[in-house]
Amino acid sequence: MQFVPKEKLADYIGVEGEPSDWLDIDQDRINKFADATMDHQFIHVDPEQAAKTPFGSTIAHGFLSLSLVTYLATFRAVAPEGLIMAINYGSDKVRFITPVKSGQRIRARSVMQSAVEKKPGQILVKNLITIDIEGEQKPALVAEILSMYVVG
């Protein structure tokens with residue numbers, strides 16, 4: 001995470017940061033997410049049956065990819081100095097574009113869209129997050145993610 005004076009956050013609006021490192025999405029991770037969410041649809045957990053679908057293999061849950069946004073995007077995020085905590089504030093828009101197949105790798109790219117001090121010491125930041133799939137033309141997802149930065 002890169003820390004800047006809160007007055008300088010506006011300088012980063014519209015600027016794409018460095019992408020995150022690649023992260024493996026293997027079958028074990030997919031199975032654990034299926035267990036955690038109780039979504040055991042065969043396209044996620046049954047390689048034999050999923051191989052017969054147009055995907056050709058099991059695919060990660062869209063919400064698995066979305067749940068990794070915080071982990072992936074935090075490494076290269078720009079945040080205000082004096083940050084006490086960052087709170088997931090929601091999303092304005094999420095679109096799942098391309099399924100992530102078991103064994104593929106993903107990474108995040110981020111562009112800050114806005115940074116507004118809602119109350120003293122509380123800055124609402126909107127980032128456009130794109131989750132890329134290694135070797136694919138289209139991303140796994142695109143989402144407008146909201147974070148509340150609490151500074152002291």
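Student: Is F63 buried or exposed?

Tutor: F63 is exposed, with a relative accessible area of 55%.

Student: What should I know about the model itself?

Tutor: The model is predicted: local features need pLDDT of at least 70, side-chain atom pairs count only at pLDDT 80 or more, and totals for chains, interfaces and linings use all residues. Residues are numbered from 1 along each chain as its sequence is written, and side-chain values use heavy atoms, leaving out hydrogens and water.

Student: How many aromatic pairs does the structure hold?

Tutor: First the general idea. A pair of aromatic rings is described by the distance of the centres and the angle of the planes. Rings of Phe, Tyr and Trp (its six-membered ring) pair if their centres lie within 6.5 Å; planes under 30 degrees apart are stacked, over 60 edge-to-face, and the rest tilted. The structure holds one such pair. Its members are F63 and F96, edge-to-face, with 5.5 Å between the centres and 75° between the planes.

Student: Which parts does the pair tie together?

Tutor: F63 lies in helix α4 and F96 in strand β4 (residues 83–96), so the pair links parts that are 33 residues apart in sequence. Helices (H or I, at least four residues) and strands (E, at least two) are DSSP runs, numbered from the N terminus. F96 counts as partly exposed, at 41% relative accessibility.

Student: How do I read a sheet? In what order do the five strands stand?

Tutor: Start with pairing: two strands pair if DSSP finds at least two bridges between them. Here five strands form an open sheet in the order β2-β5-β6-β7-β4, with antiparallel pairing. β2 and β4 stand at the edges with a single partner strand each, so one side of each has no neighbour in the sheet. On average, neighbouring strands of this sheet are turned by 35° against each other, direction ignored. Those axes are lines fitted to C-alpha atoms, for helices over the stretch in contact, and angles run from 0 to 180 degrees between N-to-C directions.

Student: How many bridges join β6 to β7?

Tutor: β6 and β7 run antiparallel and share 10 bridges. Q122 has V150 in β7 as its bridge partner. Next, β5 and β6 pair in the antiparallel sense over 12 bridges. There, R109 stands opposite T130 in β6. S91 faces I145 in β7.

Student: What lies between β5 and β6?

Tutor: Two residues, in a hairpin. G121 in the turn has a positive phi of about 85°. Strand β6 (residues 122–133) is mostly covered, with 10 of its 12 residues buried.

Student: Now helices. Which residues of α1 are buried?

Tutor: In helix α1 (residues 27–37), they are Q27, I30, F33 and A34. They cover an arc of only 125° around the axis, which puts them on the same side of α1. The arc is that of the directions from the helix axis to the C-beta atoms. On the other side of α1, K32, D35 and A36 are exposed.

Student: What do the buried residues of α1 pack against?

Tutor: They pack against β2 (23–25), α2 (42–45) and α4 (62–67). After α1 comes M38, with a positive phi near 60°.

Student: Which residues does Q2 touch?

Tutor: A contact means heavy atoms within 4.5 Å. Not counting residues up to four places away in sequence, Q2 touches Y12, A77, V78 and A79. Q2 and A79 are 77 residues apart in sequence, yet 6.1 Å apart in space, C-alpha to C-alpha. Q2 sits in strand β1 (residues 2–4) and is partly exposed at 37%.

Student: What joins the side chains of Q2 and Y12?

Tutor: A polar contact of 3.2 Å. The term means a pair of N or O atoms within 3.5 Å; within protein, one must be able to donate a hydrogen and the other to accept it, and residues adjacent in sequence count only if both atoms are side-chain atoms.

Student: Where does T98 lie?

Tutor: T98 is in the loop between β4 and β5 (104–119). T98 counts as buried, at 17% relative accessibility. Its side chain reaches the backbone oxygen of P139 at 3.1 Å.

Definitions and conventions
Buried means under 20% relative accessible area, exposed over 50%, partly exposed in between (1.4 Å probe, protein chains only).
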